[in-house]
Structure formats: C-alpha cells, structure tokens
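Visitor: Hi, I'm new to this one. Can you show me the structure, and then I'll ask about it?

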Amino acid sequence: MAKSIDVSDLDIYYGDFLAVQGVNMHVRARSVTAFIGPSGCGKSTVLRSLNRMHEVIPGARVEGKVTVDGQSLYDSAIDPVAVRRQIGMVFQRPNPFPTMSIYENVLAGNRLNAKKMKKSEADDIVERSLKGANLWNEVKDRLAKPGMGLSGGQQQRLCIARAIAVEPQVLLMDEPCSALDPISTSAIEDLIHELKSDYTIVIVTHNMQQAARVSDETGFFNLKAAGQPGHLVEFNSTQKMFANPDNEATEAYISGRFG
Ligand SMILES: Nc1ncnc2c1ncn2[C@@H]1O[C@H](COP(=O)(O)OP(=O)(O)O)[C@@H](O)[C@H]1O
Ligand SMILES: [Mg+2]
C-alpha cells in the first residue's frame, strides 16, 4: 500500500508571499524521510503540501507538481478530502478529540465514511490500529475512558492509531515528539521504525539526532536570507548527510554552526 512521492518544481505561496521555492525530491515508498532546517524555512509548509492541507489556509496555493505513485495530487479530478484520508498527518501537539473515548478516537476518521460499520468490524479496527501504534497493551482495559486521560506520549500514539485506522498510504508527521518527554519520544521513534515496513513516512524534526536515528533519507531546508523563500538545499541518504554532506550549508547546520 505504501507509495512513493515525487515533487517537482514546487513553489508554495501564502497569498502573495512565496514561502518555499523550487522544491524537487523523490520520497521512497516504505522509508522514512526527515525534513530538517532552521525555523521558518518551510518544512511544515512543504509537508502540508504533500496531502493538500496547505490550501485549507485562505489564499494559500502551490505551483508545480506533486505525484503519489505517478498520480498527480493537484490534478483537477482529484478530491482533496480523499487525498487527506490517504495521506495521514500527525501534529506537533497530540490532538485527541476531547469528548471522545479512546475507542471512538481511533475510529474518528473511519466514522467520517458514510458506510455504517458493524460492531465487530469496529472492534477489529480499534485493536489492529492500537496494536499498530504500540498502545494496545496499555489501554485495552479502558477503551471507553476519555482519550484525554492518557499521558502525552500515549495521546500521540493514540493520534497515530487514529491516522493508521483509515489505512493511509503515507504518514506525515510534523515534529511529533517535540511536546514529549524522552521516554515517550523513544517509544514514538521505535514505532516509526516499525511502521515504515507498511507506510511511507515523512517526518519534520528540529532534532538532528532524531533525524539521524529514524530516517533513511534527509532533506535540509534553509532560507537564503530573512524574507526570502525557503528552499531545499540538499536531499541525500541520512548516512551521507550526517557523515559527509555535499553542501557547505548543510555541513554548517549539522555541525551546529548556525540555526
Ligand atoms: N498560515 C500562514 N500564513 C502565512 N504565512 C505562513 C503561514 N504558515 C507559515 N507561514 C510562513 O511560511 C514560512 C515557512 O513557515 P513554516 O513552514 O512554518 O516553517 P518551518 O516549519 O520550517 O518552521 C514562514 O515565513 C512562515 O512565516
Ligand atoms: Mg514547522
């Protein structure tokens, strides 16, 4: 089910403001790709352009091309809502639905489909998704309790369970560990490692050690100067990126000389 993503000559705007310019990259299926770079260089913006979430902001638009397994994401025949279902997103702050139980949180995406689900089918999805998110053993005896009652790290795994419950092809994660403690962070990193056998994962992280630990490939984004658009400076295997990057700016960033 996992899909590859190709980005070509992508420019991303907020109204008249060109936030990111000229991105080209190939994201491999069943791999983890990390986006790194200083704050404001457009990592989140690029991520949101990969599932058409960018354009929910009034005036926001893209130019260029994004294809998912050869299918053009911005083709006029494509339904953006269907795209967002197939390409799931996990955010910086865990955002379980506050009034819903753990059980109903997992199913929230599936419930949006018009089709009515049998109880047994719903139970199966909940169990499979929570197992997939490494959360089942911790919550199986309290599925009817509120999702908000979980710890931050558990809430984030609940959000990952909710994202995978609809069987997406790609998972986008925007700094999914930045609000978590080190132990929860480590649990999410282990989970990302397991999930990549089924999903294509793109993760934004401000933590370079995390990028080095979890990703197969890394994209380094930067700004030429304040007010200038962000751009992709280098895209390479993570190993090469951290050992011997091609670009001097990458080297400077990774070695902590700026950003
Ligand atoms: N909703 C928005 N409206 C207008 N400009 C935005 C919006 N979100 C981000 N930007 C701008 O786009 C640029 C890239 O931001 P962002 O993608 O959030 O960077 P990063 O995730 O790398 O920190 C920044 O100049 C930021 O101010
Ligand atoms: Mg961001």
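Visitor: Which atom type of ligand 1 is 2.8 Å from an N or O atom in the side chain of serine 44?
Guide: An oxygen atom of ligand 1. This is a predicted model, where local features need pLDDT of at least 70, side-chain atom pairs count only at pLDDT 80 or more, and totals for chains, interfaces and linings use all residues. Residues are numbered from 1 along each chain as its sequence is written, chains are lettered from A and ligands numbered from 1 in the order in which they are written, and side-chain values use heavy atoms, with hydrogens and water left out.

Visitor: How far is a nitrogen atom of ligand 1 from the side chain of tyrosine 14?
Guide: That nitrogen is 3.2 Å from an N or O atom there. Also, a polar backbone atom of glycine 42 is 3.0 Å from an oxygen atom of the ligand.

Visitor: Which residues around ligand 1 come nearest?
Guide: Gly40, Gly42, Lys43, Ser44 and Thr45, out of 13 around it (a heavy atom within 4 Å).

Visitor: And which element gives the largest share of that shell?
Guide: H1, with 4 residues; helices here are DSSP runs of H or I, at least four residues, numbered from the N terminus.

Visitor: New topic: at what angle do helix H3 and helix H6 pack?
Guide: H3 (residues 102-111) and H6 (residues 152-165) pack at about 35 degrees, with axes 7 Å apart. Axes are lines fitted to C-alpha atoms over the stretch in contact, and angles run from 0 to 180 degrees between N-to-C directions.

Visitor: Which residues of H6 make the contact?
Guide: Leu158, Ala161, Arg162 and Ala165 (contact means heavy atoms within 4.5 Å).

How values were computed: Helix = DSSP H or I, 4+ residues; strand = E, 2+ residues; numbered from the N terminus. Polar contact = N/O pair within 3.5 Å; in protein donor to acceptor, adjacent residues only side chain to side chain.
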